[in-house]
Each structure stands twice: as structure tokens, then as C-alpha cells.
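Please open the model in a viewer and keep the selection panel at hand.

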Amino acid sequence: MRRRKAEKREAQPDPKYNSQLIAKFINSLMVQGKKTVAESIVYGALEILKQKTHEDNASKIFNKAIENARPRVELKPRRVGGATYQIPIEVTAARGNSLAMRWVRDFARKKKGKPMMIKLADELLAAYKQEGPAIKKRDETHKMAEANKAFAHLRW
């Protein structure tokens with residue numbers, strides 16, 4: 001058993017928007033340690049978002065998009081007497097944000113035929129407008145949790 005819980009290390013806020021959420025997103029987008037490439041993709045996508053929405057603050061748009069895609073509940077498998085039940089569990093804000101960012105990133109990567117900057121901007125715009133695959137995934141997760149509400153008493 002562990003003696004104490006490992007303390008969380010906070011990511012440094014990004015230099016342009018001074019936002020920890022954007023810094024975390026850049027880190028999650030980064031491939032093989034190429035942070036400058038990831039930064040240019042994210043900042044480019046945020047510029048495209050600014051132009052498309054006519055909003056002056058791109059970090060607000062980003063925060064709203066991630067907030068919209070963030071799940072409130074998720075399912076955790078739990079073994080009880082040989083059977084595995086899917087138990088709905090409320091998601092903490094930090095985990096919800098990381099799930100939302102992962103979904104947006106993965107759905108942007110899946111798209112074909114455009115530069116990553118544009119794909120990411122499209123995905124964030126869709127999440128901002130409460131549409132697109134990331135929002136669909138969130139709704140699906142909520143539906144599954146609703147369907148398995150009967151097993152909520154098995155929570156630990």
C-alpha cells in the first residue's frame with residue numbers, strides 16, 4: 001500500500017494566452033517531444049477559430065468548446081461475484097477536461113485530407129457549437145451511464 005498520495009504537478013501556463021488548459025492541450029497534442037510544432041498547430045487553430053466566430057478572445061472559445069465536450073459521468077467496470085458491472089461514476093473536473101481534450105484531439109487526427117491546424121479548428125468549432133463527434137461521444141457516455149443507473153449502489 002502507498003504511504004502517501006503523489007502530489008499533482010501543475011503545468012506551466014502557455015506563453016501566448018497564459019492558460020493552463022491550453023498548455024495541457026498543447027502537451028497532449030505533442031508528438032515525439034516536438035512542442036513547437038504542437039504550439040504552432042494549436043495557436044494556428046485558435047487564430048482560425050477567432051476569424052470564424054468573430055470573437056476577440058480565442059481562449060474563451062477554446063474553454064467553452066472543452067467545457068461543452070466535457071462528460072459529467074462515466075462508466076467504470078466493477079467485478080462483483082464473478083460478474084462485471086458498468087457503474088456510473090461522476091467525473092472530476094480535471095478528468096473531464098482531459099477526456100474532452102483527448103476526444104477533440106483524436107477526432108481531429110482521424111479526419112483526412114486537411115492540415116492538422118484546420119482539422120483541429122473545425123473540431124473545436126463543432127464542440128463550441130454543441131455539435132460534432134466529441135459532443136456525440138459525450139452524449140453517448142451520458143446515455144450509457146443513465147442506462148446503468150441501476151448499478152449505482154455498487155459504487156465504492
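In the classes used here, Ala, Val, Leu, Ile, Met, Phe, Trp, Tyr, Cys and Pro count as nonpolar, Asp, Glu, Lys and Arg as charged, and the others, Gly among them, as polar. The model is predicted, so that local features need pLDDT of at least 70 and side-chain atom pairs count only at pLDDT 80 or more, while totals for chains, interfaces and linings use all residues. Residues are numbered from 1 along each chain as its sequence is written, and side-chain values use heavy atoms, with hydrogens and water left out.

Begin with the whole chain. Its C-alpha trace spans about 55 × 40 × 25 Å along the principal axes. There are 6 helices and 2 strands, in the order α-α-α-β-β-α-α-α along the sequence; helices (H or I, at least four residues) and strands (E, at least two) are DSSP runs, numbered from the N terminus.

Next, select residues 73–80 and 83–90. These are β1 and β2, which pair in the antiparallel sense over 8 bridges (pairing requires at least two DSSP bridges between two strands). V73 stands opposite E90, and V80 has A83 as its bridge partner. In the hairpin, 2 residues lie between the strands, and G81 takes a positive phi near 55°.

Now display α1 with α3 (residues 58–69). Their axes, which are lines fitted to C-alpha atoms over the stretch in contact, with angles from 0 to 180 degrees between N-to-C directions, come within 10 Å and cross at roughly 70°. The two helices are therefore roughly perpendicular to each other, a class that covers 65 to 115 degrees. L21, I22 and F25 in α1 meet S59, F62, N63 and I66 in α3, where contact means heavy atoms within 4.5 Å. By class, this contact has 5 nonpolar, 2 polar and no charged residues.

Finally, select E7, K8, R9, E10, L21, K24, A94, R95, N97, S98 and M101, which line the largest pocket. A pocket is an open set of points on a 1 Å grid over the protein atoms alone where a 1.4 Å probe fits, with protein on both sides within 12 Å along at least five of seven lines; lining residues have an atom within 4 Å of a point. The volume, the space filled by probe spheres set on the points, is about 250 Å³. α4 gives the largest share of the lining, 5 residues. The lining residues divide into 3 nonpolar, 2 polar and 6 charged.

Notes: Angles under 35 degrees count as roughly parallel, over 145 as roughly antiparallel, 65 to 115 as roughly perpendicular and the rest as oblique.
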